[in-house]
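Subject: Handover of a structure and notes on its contents

Dear colleague,

Please find the structure below, followed by a short account of what was found in it. I would ask you to read the account with the structure open beside it.

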Amino acid sequence: HAPDRPLKSFARFPVGCAVTAERLADPADAALIARHFSQLTPEWEMKMEYILQDDGTFRFDAPDAIAGFAHEHGLRLFGHNLVWYAQNPVAFRRLDGKPKAFADAYRNYILAVAGRYAGQAVGWDVVNEAVAEDGNGLRACLWSRNLGQIDYIRRAFDHAHEADPTAVLFINDYNLESLPKKRASFVRLVEKLLQAGAPVGGVGTQTHIDAGLEPGALRRTLGDLADFGLPIHVSELDISLNRAGPAWRSRAGLAEAQLRLAEEAAEAFSTLAANQRFAFTLWGLKDGQSWLRSPKENRHPPWDAPLAFDDAGRRKPVFDALAAGF
Ligand code: XIL
C-alpha cells in the first residue's frame, strides 16, 4: 500500500481535477481536492452554455468562484472551453447566416472570457472536439458554417491569444487512443494550424477510455502527439468499467484492466520530455459524481466507477495505480 500521500506528491507535473462550484462549496470535497490536486478545470461552468445568456450578456458567478478557490489554495486554473461544436447558445443561433455580426460576437465572447482569467489561467482548451468521429476531416457545426471550416478554429486561437498572450492554447479531442483514423485526422489538423501560424501551444487528449482499451494504445497515442514537441495535456481522464462491454469479461477482470490502464496512462505521460508534461487531469473527484453516472449518459450503469476516489471519498486502487505510474 502506498503511504497516505497526496496524489500530486507522486508526480513531477501538475495533476488536475475537473470541478464544479457546487463541489468546491462542500467542505469535505474541497479539502480532498486541494490536498490531492494541483490544477482545476471547470467541468461545466466555463463553457459557453453557462456563461453566455440568451440576451447576449455574460454570467461569471460560478467560474469566478472556481477561479477564486484555485487562487486561494495555490492551485493552477485551466480554462475549458472557448468553442465546442456541442454548444450552440441562442445568442449565436440568432446570428446564424449573418457572417459579420457572427464574427464580431465570436471575437467579443472569446476576448471577454479568456480576458477575464488572463494572468490566472495557465491554459485554455480553445477549440474542443473539432475532428469528426469517423476520422473524415472536421465536424460541420454552427461555427464552421458561419466562419469557415478551418477559419473558425484559427480565429478562436487568434482571439484567445489576443486576450491572454501567456496562456498555453490547446486543441483538445477525444477517442484519439481508440480510433486511429481520428487520431490521424487530429494530427493533420494540428499540422495545418501550425503551418497557418495559429498560436496553438499545446495538444490535449481527453482520455475518456474504457477498461477494454487495448494495452499499448495510450502509450502509442501520447507518443504520436508528442512528435509535435508541444506540451501535452491528458485533459479528462476517466476509465469506465462499462463501455468496453465484451461479454466474456468479468467485472473483476475489467477492474484489473482498469488498473493496468491507469498505470499505463500515468507512466506513459510521466516519461514524456519534461517540457511536454503540461498536466494530467482526472475528470472528477469521486465515482459517484462522475458525469458517466448521470442519467444523460445512459450507456453507463449506476455502478460505473471510473475515477480515483469512491463515492465516500476514499482512495481506490486506481489512485495507487496512478501513483505507481507517476
Ligand atoms: C461534460 C461534463 O462532465 C458534464 O457535467 C456536462 O454536462 C457535459 O460535459 N468531453 C468534454 C467535456 O470535453 O467538456 C465533457 O464534460 C465530457 C466530454
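Two residues are in contact if their C-beta atoms, placed from the backbone, lie within 7 Å. By that rule, and not counting residues up to four places away in sequence, Glu236 touches Ala18, Gln206, Thr207, His208, Thr281 and Trp283.

Please note that this is a predicted model, in which local features need pLDDT of at least 70 and side-chain atom pairs count only at pLDDT 80 or more, while totals for chains, interfaces and linings use all residues. Residues are numbered from 1 along each chain as its sequence is written.

UniProt, in an unreviewed entry, lists Glu236 under "active site"; its positions are given in the numbering used here, feature names are shortened, and annotations may be inferred rather than shown by experiment. Glu236 also belongs to the group around the ligand, together with Glu43, Trp44, Asn128, Tyr174, Gln206 and Trp291.

Is Glu236 buried or exposed? Glu236 is buried because 24 other C-beta atoms lie within 10 Å; the term requires 20 or more, whereas 12 or fewer means exposed and the range in between partly exposed, with C-beta atoms placed from the backbone.

Glu236 is found in strand β8, residues 232–240. Strands (E, at least two residues) and helices (H or I, at least four) are DSSP runs, numbered from the N terminus. Of the 9 residues in β8, 9 are buried.

Strands pair if DSSP finds at least two bridges between them.

- β6 (residues 202–205) is joined to β8 by 3 bridges, in parallel, and Gly204 has His233 as its bridge partner.
- β7 (residues 208–210) is likewise joined to β8 by 3 bridges, in parallel, with Ile209 partnered by Ile239.
- β9 (residues 277–282) pairs with β8 in the parallel sense over 4 bridges, and Val234 stands opposite Phe280.

Note on methods: A residue is near a molecule or strand if its C-beta atom, placed from the backbone, lies within 6 Å of it.
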